[in-house]
Amino acid sequence: MLFNSTEFLFAFLPLALFGFYLLGSISRARALGWLILASLVFYAWWRPVNVLIIAPSIAVNFALARILLRLNQNEGSPGASKAVLLLGIAFNVAFLGFFKYIDFISGAINDVFGANLVMRHIILPLGISFITFQKIAFLIDVQAGRVRSFTLRDYCIFVLFFPQLIAGPIVHYREMMPQFHATSLRFDKENVAVGLTLLLFGLFKKVVFADNIALFVTPIYEHAAAEGGTTFLRAWVAAVGFTLQLYFDFSGYSDMALGLARFFGIRLPQNFDSPLRASSIIDFWLRWHMTLTRFLTAYIYNPLTLWLTRRRVAKGLSGLGGRNTTVGAFIYLLMFPTVTTMFISGLWHGAGYGFVVWGVLHGLYLTINHGWRLVAARVWRDRRSYVRIMEPVGFVLTFLSVTAAMVFFRSPTMTSAIDLVRGIVGLNGIGLPEALLGHLGPLAERLHAAGVVAESWSLQDFAKTAIWISVLMFVALACPNTLQILAPYEPALGVTAQSAKRPIGSIAQWNASLPWAIAVSAVAAIAIVSIGGPSEFLYWQF
């Protein structure tokens, strides 16, 4: 069931809330049980067999977590506890690998060795990547003693809570369950007002912004896959347009998830913080899919770096030492774990060569960024001068790097991705709409002489594409984001008016007033009218 579907918005959600509030006035256990049942219905709606697939995984993880908890409480052998944890991680990785990667692995073997392995074409259970990461994090937290007690009901709510079940945010047990234990289970006008505003803003971003720019971006990727020869301007439209589409699609989903959770009195963690404004790739990953960055850092990058550091120190070699870091230490302790982590990130996003390349590219971007910071600290001592010059330069480099890498993320094949990259750097020539060249008079002849070719790109589509990209760039770069607008009401965990990175004026901050009621009503009307076209949240496929 999609958040942007009429059956979800006008049937499932009202029934889920009505049952929750009604039973909440009688019994907490019944209200939470209703929420688990509603989440199962939500997950089963598209394909009921999904529940039968995911249920055994939930049962196995719960059993392993209980074993880990007993070992901790009885001060059992650390070796036994570690063995159970490794078994749990292996089970989850194997479970994810079978459903998501078996065809990719078979295809890679066929490509490399000329084998003829049969593709299974297994239908991927919705949100399996998010659910798997969340279950792995839970096992690690139990083994580390960060979770000291839990029941089957609590575990099911944590894993199945439908606002974040399919595409995150990726949450921790310790930040969610205290809220479920403390929530009033009653209708709260502030929670409903804030939740409804978040839901409608997110819906608008999805069905108005993301879906409309997709109409102009998708044909370019289809052309690159079918024919190739994508010219410079079209290639950049594909790169920038898809970056904007994915941002508004996924941040729209995240806003809707935050709003839906708020209806139940729950605050989910922030997942986006205007990432396209980032002035470095490090800053970008602190703003983009923030809960994934948190997971990758805590459960992959940090343990890997710590293990490598201990090995290096045991050999009597130096570690990372700021300005005194050696090249060997940098490669061994920073570059290798960074690229490895982002390789896993790329593979987690999708079973395809393009996702792997995208992940490795971001690993290299981050490595270069860290290396530059070490060099700049030595050669550029004037901090004010550095910030004044490098912030705008860093913004441009980051935006270009992120959008260029998105070509690999979106392209259906590596051949089409390479064609688009060739177009981005100008190797496929430069083209303009034939009708536009016809209006340029003598200038058109000069452009032809310079190698500019006429393309069968209607002037109307060209103008609409330019307008949509300009509007979305303005919104992404210049306007306050949803959480800044709602910051006084803590729309996400820890997001307050004081914590917002860019405080905004009171006129742009949401409040319970007639002008804002009219504005939100207009957003709702436009979004609801726009529902109905072919549209799915991009991250649901992961």
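Q: What makes Phe 42 buried or exposed?
A: The relative accessible area of Phe 42 is 1%. Buried means under 20%, exposed over 50%, and partly exposed in between, with a 1.4 Å probe and protein chains only. Phe 42 is therefore buried.

A word on the basis. This is a predicted model, where local features need pLDDT of at least 70 and side-chain atom pairs count only at pLDDT 80 or more, while totals for chains, interfaces and linings use all residues. Residues are numbered from 1 along each chain as its sequence is written, and side-chain values use heavy atoms, with hydrogens and water left out.

Q: Why does Ser 27 count as buried?
A: Its relative accessibility is 19%, so Ser 27 counts as buried. Ser 27 lies in the loop between H1 and H2.

Q: Why is the pair of Phe 150 and Tyr 155 called tilted?
A: Ring centres must lie within 6.5 Å to pair; planes under 30 degrees apart are stacked, over 60 edge-to-face, and the rest tilted. Here the centres are 6.5 Å apart and the planes at 45 degrees, so the pair is tilted. Phe 150 and Tyr 155 are both buried.

Q: What sits over the ring of Phe 150?
A: The charged end of Arg 66, 5.2 Å from the ring centre. The rule asks for NZ of Lys or CZ of Arg within 6 Å of the ring centre and within 35 degrees of the ring normal. The charged end of Arg 410 likewise sits over the ring of Tyr 221, at 4.7 Å from its centre.

Key: Rings of Phe, Tyr and Trp (its six-membered ring) pair if their centres lie within 6.5 Å; planes under 30 degrees apart count as stacked, over 60 as edge-to-face and the rest as tilted. Helices (H or I, at least four residues) and strands (E, at least two) are DSSP runs, numbered from the N terminus.
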